[in-house]
Every structure is written in structure tokens, then in C-alpha cells.
Amino acid sequence: MSVLINFKICDNAKECGGIAVCPTGALSWNEEKDTIEIDNERCISCGMCEKECPIGAIKVAPTEEEYKKLKQEIDEDKRTTKDLFVDRYGAALISEFFSISLEEIESKTDRLGITLIEIYNPDLAECLLKSIPIKQITKNLPEDTLYYKVEAEKLDSKYEIQELPALLIFKDGKLIGKIEGYYSVNQKEELMEKLEQIGAKNEFI
Ligand code: SF4
């Protein structure tokens, strides 16, 4: 019974949720080596660590055959942490670069071009791996499109938001549209199409 970690995408941090939930100490933090350590002798394949990892870097193999299969998948994985730890729609904020407050919305959107404001609740944020990277969301929009994320614990009445996360679309300083609700990476095309339609119009839709 074994646990595997895909260190290509794992941020290898002391705060790893897998370490925190492991009931047997099979996952631990090695201070000296500054890394997560695996002791497969202790692993009981309960799967708790796998469920805890938000990006799917921890895998549990209940059999030798499954271990080989997962090991091969990890060996062949071409992703790196750079591919995953990017800001995404509906997920918690990673870089402060995108962060603004509710009060700053007007000053940030008072410009020519498209500005997207995402309002999200950090307590309900979705898994990084399942969310859509901001870069992809803005791919088909004009190059000067700006994107900001606003943390909000409750729905905002000013913009009549019924569901979080929500995307407010501003064009030339005017609110021209709104998209509400979570879109997973599988619904990427749908979200991008809606955005393009809204971005092409000047009337609020
Ligand atoms: S599967 Fe269970 S016992 Fe094994 S490392 Fe994960 S949490 Fe610990």
C-alpha cells in the first residue's frame, strides 16, 4: 500500500494538507531536507491525503499494479508548478497582482477597453485544478483587457449579484454584462463564448 506525490506539480510545503490529515504519520515534513517525506510502511491507503490535495498531486495506490500505473503517469506528466499555480476564475487568489477591493472597482474600470472584475468568496473557492486560468478566459478578448479579483464574503447588492463567483464585464468604464456562477475547466468554451458576445456589444446583456 503506497502513496505517491507528483513533485512536478506539488508545492512541497510544510503546510501540506495531506500531512495534516494522515492518521498514521506516513506523510511527514522533513525539516532537515526541507521536503515532504513518505513512509510507505505506515500507509494504510485510507485515501485521506489524496482527497485533501487541491491540485491532485497526491495519489494513493492500493495495489502494486496501481502503483506502477500511477508512477508511470507521474513520470510522463509534463506539467510543472508553473502550469498550475496561476490565478483562476472561481479559485482562491494566488498572486496579489490581481487583487482589488470592492471599493476600488470604479477606479479600476474607469478606462477605455474591457475590464473584467471577478467577485468570489474565498470560503467557497473551487479547486485550482478544476478552475479556468485567467489567461485562458481572456485569450480571445482584446490584448489590453484587464482582470481583477475581489474577495467578498456575501453577495453584492450594488451589482445585483445573485451567485458567486461572478464576473462583471466593463467596457469603456460602463458595466456591459455579468456572468454568474462557477465554470469548471470543462465549461471553458462556454464561458469564453459568453464573454466574447458580451464584449462585442455596447448594451448591457
Ligand atoms: S493514504 Fe492515508 S495513511 Fe496513506 S499517506 Fe495518505 S493519509 Fe496517510
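This is a predicted model: local features need pLDDT of at least 70, side-chain atom pairs count only at pLDDT 80 or more; totals for chains, interfaces and linings use all residues.

Modeller: Residues are numbered from 1 along each chain as its sequence is written.

I55 is partly exposed, because 17 other C-beta atoms lie within 10 Å. With C-beta atoms placed from the backbone, 20 or more others within 10 Å make a residue buried, 12 or fewer make it exposed, and counts in between make it partly exposed. I55 sits in the loop between α2 (48-52) and β4 (58-61); helices (H or I, at least four residues) and strands (E, at least two) are DSSP runs numbered from the N terminus. Apart from neighbours within four places in sequence, I55 is in contact with I9, L84, L128 and L129, a contact being two C-beta atoms, placed from the backbone, within 7 Å. The C-alpha atoms of I55 and E126 are 11 Å apart, although 71 residues separate the two in sequence.

As for the chain, the assignment gives domain 1 (2-78) and domain 2 (88-200), with bounds from an automatic or database domain assignment. Their centres, taken over C-alpha atoms, are 33 Å apart. The C-alpha trace spans about 65 × 30 × 30 Å along its principal axes. The chain has 7 helices and 11 strands, and buried residues make up 27% of its 205 residues. Of the contacts between residues at least 6 apart in sequence, 69% join residues at least 24 apart.

Helix α7 (residues 188-200) has 13 residues and reaches 18 Å from first to last C-alpha, close to the expected 18 Å, which is 1.5 Å times one less than the number of residues. In α7, L191, L195, I198 and G199 are buried. These residues lie on the same side of α7 because they cover an arc of only 100° around the axis, the arc being that of the directions from the helix axis to the C-beta atoms. E189, E190, E193, E196, Q197 and A200, on the other side of α7, are exposed. The cover over the buried residues of α7 includes β7 (114-120), α6 (134-137) and β10 (166-171).
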